[in-house]
Amino acid sequence: MNGPLLFLPLIPLLPFAGFLLNGLFGSRLPKPLVTLIALLAPLGSLAIVVHDAYLYWSGALAVPAIEHSAPAWISAGTLHIDFGFVFDQLSLTMLLIITGVGFLIHIYSVGYMAHEEGYWRYFAYLNLFLFFMTVLVLAGNALLMFVGWEGVGLASYLLIGFYFKRTSAADAGKKAFVVNRIGDFGFLIGIFLLLANFGTLSFSEIATKLAANPGWQGGVLTCIALCLLLGATGKSAQLPLYVWLPDAMEGPTPVSALIHAATMVTAGVYMIARNHALFDRSPLALTVIAIVGTATALLAATIALVQTDIKRVLAYSTVSQLGYMFLGCGVAAYSAAVFHLMTHAFFKALLFLAAGSVIHGLGGEQDLRKMGGLRKKMPITFWTMTAAVFAIAGFFPFAGFFSKDAILYAAFLQGTNGKIFWAVGVFTALLTSFYMFRLWYLAFLGKPRSPELHPHESPWSMLGPLVILAALSVGGGWIGIEKFGGFLSPAVGPMPTKGGSSSLELTLSIAAVALAIVGWLIAHLLYFAKPEKPAQLAASVSGPYKLLLNKYWVDELYGAVIVKPILAVSRFLLEWLVEFAILGGLAWLLAGLAMLSGAILQKWQSGNLRSYAAWLAAGAAALLLFALVPWTSVLANFGIHLNLVHFYGAGR
Amino acid sequence: MIPLSWYLLLSAALFALGIVGFLIRRNLITIFMSIELMLNGVNLSFVTFAHQWHLVKGQIFVFFVMVVAAAEAAVGLAIIISIFRARATLAVDRIDLMKL
C-alpha cells in the first residue's frame with residue numbers, strides 16, 4: 001500500500017476492545033474505570049478519523065483509499081473476499097458523524113445512565129454498536145457491510161431491550177429484530193444476485209464493471225436494486241417495515257438518539273448511496289425509492305401530529321425525515337440525501353438528547369400532556385431544543401433548511417413525478433413544523449400541567465453535548481449543498497441540476513419556509529393562544545383523529561394478516577409435527593421396540609433353575625444335531641448348495 | 001462280542017434318564033442322584049472307547065470324573081443337610097430364595 005497510514009482497522013477495533021473489556025470484566029470494575037474505558041474507545045476512533053480527515057484535506061491522500069488486511073477472509077475458486085476498508089468522501093462523512101455524534105452521546109450517557117442498574121452493560125453494548133457501525137460504513141464489499149449491518153441490528157436489539165425486566169421493552173427488541181430480519185433477507189438475496197451477475201462483491205469492482213457496460217440497464221439490475229431496497233427499508237424504517245422504530249423507543253433515550261435517529265437508521269440511505277452506480281441504472285428502482293420515501297415521510301408525519309409521548313413524536317419524526325432522505329436517493333440526488341443525513345444526525349440527536357434531559361429532569365415522565373412551562377426550570381435544555389426544533393422545521397438559516405431544501409429542489413427538477421414528490425414533500429414540511437412546535441409548546445411553554453412534578457436542570461455532562469449539538473444544528477448546513485455536493489461527487493456522483501435555476505431554487509425555498517411558518521402559526525394558535533381548542537378539534541373530527549392516534553391500525557393489520565397466520569403455522573409445525581409427530585413418534589417407537597423385545601426376552605430369564613437347565617439341554621441337543629447331521633448333502637437333496645468352507649475351515 | 005453301538009446306546013439312555021430326572025424331579029436328593037447318573041453315563045462312553053481303541057486316556061478321564069464326583073458328593077450332601085436343617089424340606093420349589 002502506498003500513501004500515508006490511515007489506521008482504518010483501528011477505527012472499529014478500538015470500540016470493540018472497549019466492548020470486550022467492559023463486557024467481560026465490567027461487572028467487577030469500579031464505575032469510574034468503566035466510564036473511562038467506554039469514553040476512551042470512541043474518543044480514540046474519533047481521533048483517528050480526524051487524523052485521516054486532516055490527511056485528506058491537506059491533500060496528502062489519494063481517495064478512494066483502500067486498506068486490506070491480510071489474509072483474505074473468504075477465498076473459494078474465483079471468489080475472493082477480504083477485509084477491505086474503503087476510505088473516501090462518503091465514508092469520511094459517515095465516520096465523522098458516527099464517531100463525533102457517537103462520542104457526544106457517550107458523554108451524555110455518563111450523566112443520563114449514572115444511576116441505572118447495568119451501567120457497564122449499557123456501555124459495553126454502546127461500544128459494540130460503534131464497532132459494527134464503523135465496520136458497516138468502512139466495508140469495501142457487500143458481505144463485510146452485511147456483517148456490520150447484522151451487527152448493528154444485534155446491538156440495537158440488545159439496547160432496545162436494555163430494560164429487559166419490562167415486558168414491553170423485551171417485546172420491542174424482538175419486534176425490531178424480526179422486522180429487520182425481513183429486510184436483511186432482501187439484502188442477502190441482493191448480495192447473492194450481485195455475486196451471480198458480477199462475480200464480485202467489491203463495490204469498486206462492481207462500479208467499474210457497470211462503467212464498462214454503459215448499455216446495461218434495468219432487468220436484473222432492477223431486481224438487485226429492489227432487493228437491496230428491501231434491506232434498506234428494514235434498517236431505515238421505511239414503508240412497509242417502519243413499524244419497529246416507534247416501539248424501539250423503549251430503550252434508553254441516548255440509545256434512541258444514537259442508534260434510532262443519528263446513525264443506524266441512516267444505514268439504508270448510506271447503502272443506497274454506496275451502490276449508487278447500480279441504482280442509477282434502474283430508473284424503475286429509483287422511482288420506487290422516491291415513492292416509498294415520499295409516502296413514508298407523509299404517513300409518519302401525520303401520525304406524529306397526535307402522539308402524546310414525547311419520544312414517539314420524535315420517533316415518527318425520524319421515520320418521516322428518513323423518508324426525505326429516501327426521496328433524495330430516489331431522485332438521484334445522493335449528496336443531498338447524505339447532506340440531510342448529516343444535518344438530521346445533528347438536530348435529531350439533539351432533539352432526543354434534549355427530550356432525554358426533560359425526561360431525566362421530570363423523573364421519567366414522557367407524556368407531553370403532563371409537561372408544560374419547563375422553559376424557566378430547564379433554560380439550557382429549552383434553548384438547545386429550540387435550535388433543534390427550528391432546524392427540523394426548516395427555518396432559515398438553521399441546518400435543516402439547507403438539506404431539506406436541496407432534496408426538495410432536486411425532486412422538483414425530476415419532471416412531472418418530481419412535482420408530485422415536491423408537493424407532498426413541502427406539505428410534509430408543514431406538518432413537520434406543526435408537530436415539532438406542538439411538542440415545543442406543550443413541553444416548554446404555557447403553564448406547568450402537573451404540579452406534582454419537580455423539574456430540575458440536568459448535569460453538565462448532559463448539557464455539554466446538547467450545547468455542541470445545538471451549535472451544529474444551527475451552523476451544520478452553512479456549507480451549502482453546492483460545496484457539499486462538490487465534495488461528495490467523486491463518491492456518489494454529481495447533483496442533478498438539469499432544468500434548474502437559482503431563481504427557481506429561491507422561489508421554492510421561500511415557499512417551503514412560508515409553509516413552515518404556517519405550521520408554526522397553527523401550532524401557536526392551537527397550543528399556546530387557545531389551549532382548549534385541540535380537544536374540541538379532536539372531538540369534531542374524531543374519525544380521522546382516532547385513525548391517526550391508532551397509527552392507521554398498521555400494527556393491528558400486520559398482526560392479523562401476517563403475524564397471526566405465521567404464528568399459527570409455526571405452532572402447528574412445532575407442537576404437532578415436530579414435537580408430537582417426529583420427536584414424540586420417534587421416542588415412542590424406540591420405547592415400544594425396547595419394551596417388546598424386553599417382554600420376549602424376559603421369558604428366558606424366569607429365575608427358575610429347571611427352565612435354565614432345560615434350555616441348556618435343548619441347546620446341547622441342537623449343537624449335537626448340527627454337528628452330526630451332514631447338512632451339506634441333506635440340503636443338496638433339496639437343490640441348495642452351501643459353501644461352508646469358511647465355517648469348517650479351508651483344510652476340510 | 002457285544003457291538004460298540006450297544007454300549008453307546010446304553011450310555012446315551014443313562015444320560016437322557018439323568019437329564020429327565022434332573023428336570024422333572026422336585027426332591028433335591030433325587031436331582032443330585034440324577035447328576036450322578038449323567039456323569040456315569042458319560043463314564044461308560046469313555047470306558048467303551050478306551051477299550052475299543054486300546055487307549056488308556058479314556059480310563060484316566062473316568063478316574064478324574066469319579067474324583068470330581070466324589071468331591072462334589074461330599075460338598076453337595078453337606079449343603080443338602082444344612083438346607084434341610086434350615087428349611088425342614090428338600091423340595092426345590094420351596095427353596096428358590098437365598099433369604100431365610
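**Exercise 1. Find the residues through which α5(A) and α8(A) meet, then describe how the two helices pack.**

Solution. 
Step 1. Start with the contact in this predicted model. On the α5(A) side stand Trp149(A), Val152(A) and Gly153(A). Their partners in α8(A) are Gly231(A), Ala232(A) and Lys235(A).
Step 2. Sort these residues by class. The contact of α5(A) with α8(A) has three nonpolar, two polar and one charged residues.
Step 3. Helix α5 of chain A covers residues 142-160, and helix α8 of chain A covers residues 220-235. They pack at an angle of about 25 degrees, and their axes are 12 Å apart. Angles under 35 degrees count as roughly parallel, so α5(A) is roughly parallel to α8(A).
Step 4. The α5(A)/α8(A) crossing is left-handed.

**Exercise 2. Work out how α8(A) packs with α11(A).**

Solution. 
Step 1. Take the angle and the distance. The angle is about 155 degrees, with the axes 7 Å apart.
Step 2. Classify. Angles over 145 degrees count as roughly antiparallel. Therefore α8(A) and α11(A) are roughly antiparallel to each other.
Step 3. List the contact. α8(A) brings Leu228(A), Leu229(A), Ala232(A) and Lys235(A). α11(A) brings Ala267(A), Gly268(A), Met271(A) and Ile272(A).
Step 4. Count the classes. There are six nonpolar, one polar and one charged residues in the contact of α8(A) with α11(A).
Step 5. Look back at α5(A). Ala232(A) and Lys235(A) also take part in the contact with α5(A).

**Exercise 3. Classify the crossing of α3(A) and α21(A), and name the residues in contact.**

Solution. 
Step 1. The axes of α3(A) and helix α21 (residues 480-492) of chain A come within 7 Å. They cross at roughly 120 degrees.
Step 2. That angle makes α3(A) oblique to α21(A).
Step 3. From α3(A) come Gln89(A), Leu90(A), Leu92(A) and Thr93(A). From α21(A) come Phe484(A), Phe487(A), Leu488(A), Pro490(A), Ala491(A) and Val492(A).
Step 4. The α3(A)/α21(A) contact divides into eight nonpolar, two polar and no charged residues.

**Exercise 4. Which residue forms a salt bridge with Arg274(A), and where do the two partners lie?**

Solution. 
Step 1. The partner is Asp88(A). The closest N and O atoms are 2.8 Å apart. The cut-off is 4 Å, and the pair counts as a salt bridge.
Step 2. Arg274(A) is in helix α11 (residues 267-274) of chain A. Asp88(A) is in the loop between β4 (85-87) and α3 (89-112) of chain A.
Step 3. Read the separation. The partners are 186 residues apart, and the pair links distant parts of the chain.
Step 4. Over all chains the count is 10 salt bridges.

**Exercise 5. Describe the interface of chain B and chain A.**

Solution. 
Step 1. Count residues. Eight residues of chain B are in contact with four residues of chain A.
Step 2. Take the area. The two chains bury about 450 Å² between them, 65% of it on carbon and sulfur atoms.
Step 3. Ile19(B), Phe22(B) and Leu23(B) supply 73% of the area that chain B buries against chain A.

Notes:
Residues are numbered from 1 along each chain as its sequence is written. Chains are lettered from A and ligands numbered from 1 in the order in which they are written. This is a predicted model: local features need pLDDT of at least 70, side-chain atom pairs count only at pLDDT 80 or more; totals for chains, interfaces and linings use all residues. Side-chain values use heavy atoms; hydrogens and water are left out. Axes are lines fitted to C-alpha atoms, for helices over the stretch in contact, and angles run from 0 to 180 degrees between N-to-C directions. Helices (H or I, at least four residues) and strands (E, at least two) are DSSP runs, numbered from the N terminus. Angles under 35 degrees count as roughly parallel, over 145 as roughly antiparallel, 65 to 115 as roughly perpendicular and the rest as oblique. A crossing is left-handed if the near helix is turned anticlockwise from the far one by less than a right angle, and right-handed if clockwise. Contact means heavy atoms within 4.5 Å. Ala, Val, Leu, Ile, Met, Phe, Trp, Tyr, Cys and Pro count as nonpolar, Asp, Glu, Lys and Arg as charged, and the others, Gly among them, as polar. Buried area is the accessible area (1.4 Å probe) that two parts lose on being put together, summed over both. A salt bridge is a side-chain nitrogen of Lys or Arg within 4 Å of a carboxyl oxygen of Asp or Glu.
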